[in-house]
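This report describes one protein structure for a reader who is new to such descriptions. Please look at the sequence and the structure shown here before reading on.

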Amino acid sequence: MQSPSIPIFRTPLLQIGRFCCPVQHPHFHDSGPIVSGHLIVFPRTPVRICHPTAPPIVADPNVMLFYNLHQCYRRDRLSDQGDRCEWFAFAPELLVAALQRHEPRVAEHPDQPFPFTHAPCAPSVYLRQRQVIEHVLRSPQPDLLYVEESMLSTLELLLAHVYQPRPSSLRRISPAT
């Protein structure tokens, strides 16, 4: 059976792939550890992601997922459509440099650069990555400079959203709610 993960674009700075795994696929629940690099994933269908040491996450287009290389996880079905998403793997040194602007200690553990598993996905970030995906899929010869520049600026934008201070009222729901 064909692998559910398919690379669709690659340069020295960036790799982009699609993941399409129907619920009937033998590897739907456990597709093994992450092997394509440190990934930023944009889900297109709802799915529950379970990390070994964290509470489950309901992933959908409102949530970005972050996976370190060799990270293990499981998925559970929430939709008959299975798990469909796009993933982006930046060159490790580029990713560490981008994260270091927000998380200076990332240089101490470049093999595990993501200190988080997920974050809310701003609509502007989701739109930008979709525009790049559509360009790559529809262009016989994708514009390498456009794709790289767009995704580098998207990386900066999404990290700014992840690390922006949030008002404490958004972090905790009051008992009355």
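How many residues are in the hairpin that joins β1 to β2?

The hairpin leads from β1 to β2 through three residues. The model is predicted, and in it β1 and β2, the latter covering residues 14-21, pair in the antiparallel sense. Five bridges make up this pairing. Across from Arg-10 stands Gln-15, a residue of β2.

## Confidence in the model

For the protein, the mean pLDDT is 92. A value of 70 or more is reached by 93% of the residues.

Confidence is highest in β3, at 98, and lowest in helix α4, residues 168-171, where the mean is 48. Over residues 169-174 pLDDT stays under 50. For this stretch the model has one contact beyond four places in sequence.

## The largest pocket

The largest pocket holds about 360 Å³ of space. Its lining consists of 23 residues, and those nearest the centre are Ser-5, Phe-19, Ser-31, Ile-34 and Tyr-73. Two or more lining residues come from each of the elements β1 (5-10), β3 (39-43), β4 (47-50), β6 (63-67) and β8 (83-90).

Sorted by class, the lining of this pocket has 16 nonpolar residues, five polar ones and two charged ones.

## Salt bridges

Side chains of opposite charge can pair when their charged atoms come close. The structure holds nine salt bridges. One of them is formed by the side chains of Arg-44 and Glu-86, with a distance of 3.7 Å from N to O.

Arg-44 is found in the loop between β3 and β4, whereas Glu-86 belongs to strand β8, so this pair ties together parts of the protein that are 42 residues apart in sequence.

Methods. Residues numbered from 1 in each chain as written. Predicted model: local features only at pLDDT ≥ 70, side-chain atom pairs only at ≥ 80, totals over all residues. Heavy atoms only, no water. 1 Å grid on protein atoms, 1.4 Å probe; cavity = no way out; pocket = protein on both sides within 12 Å on 5 of 7 lines; lining within 4 Å. Points joined across faces, edges and corners; volume = space filled by probe spheres on them. Helix = DSSP H or I, 4+ residues; strand = E, 2+ residues; numbered from the N terminus. Nonpolar A, V, L, I, M, F, W, Y, C, P; charged D, E, K, R; others polar. pLDDT = per-residue confidence, 0-100. Contact = heavy atoms within 4.5 Å. Pairing = 2+ DSSP bridges. Salt bridge = Lys/Arg side-chain N within 4 Å of Asp/Glu carboxyl O.
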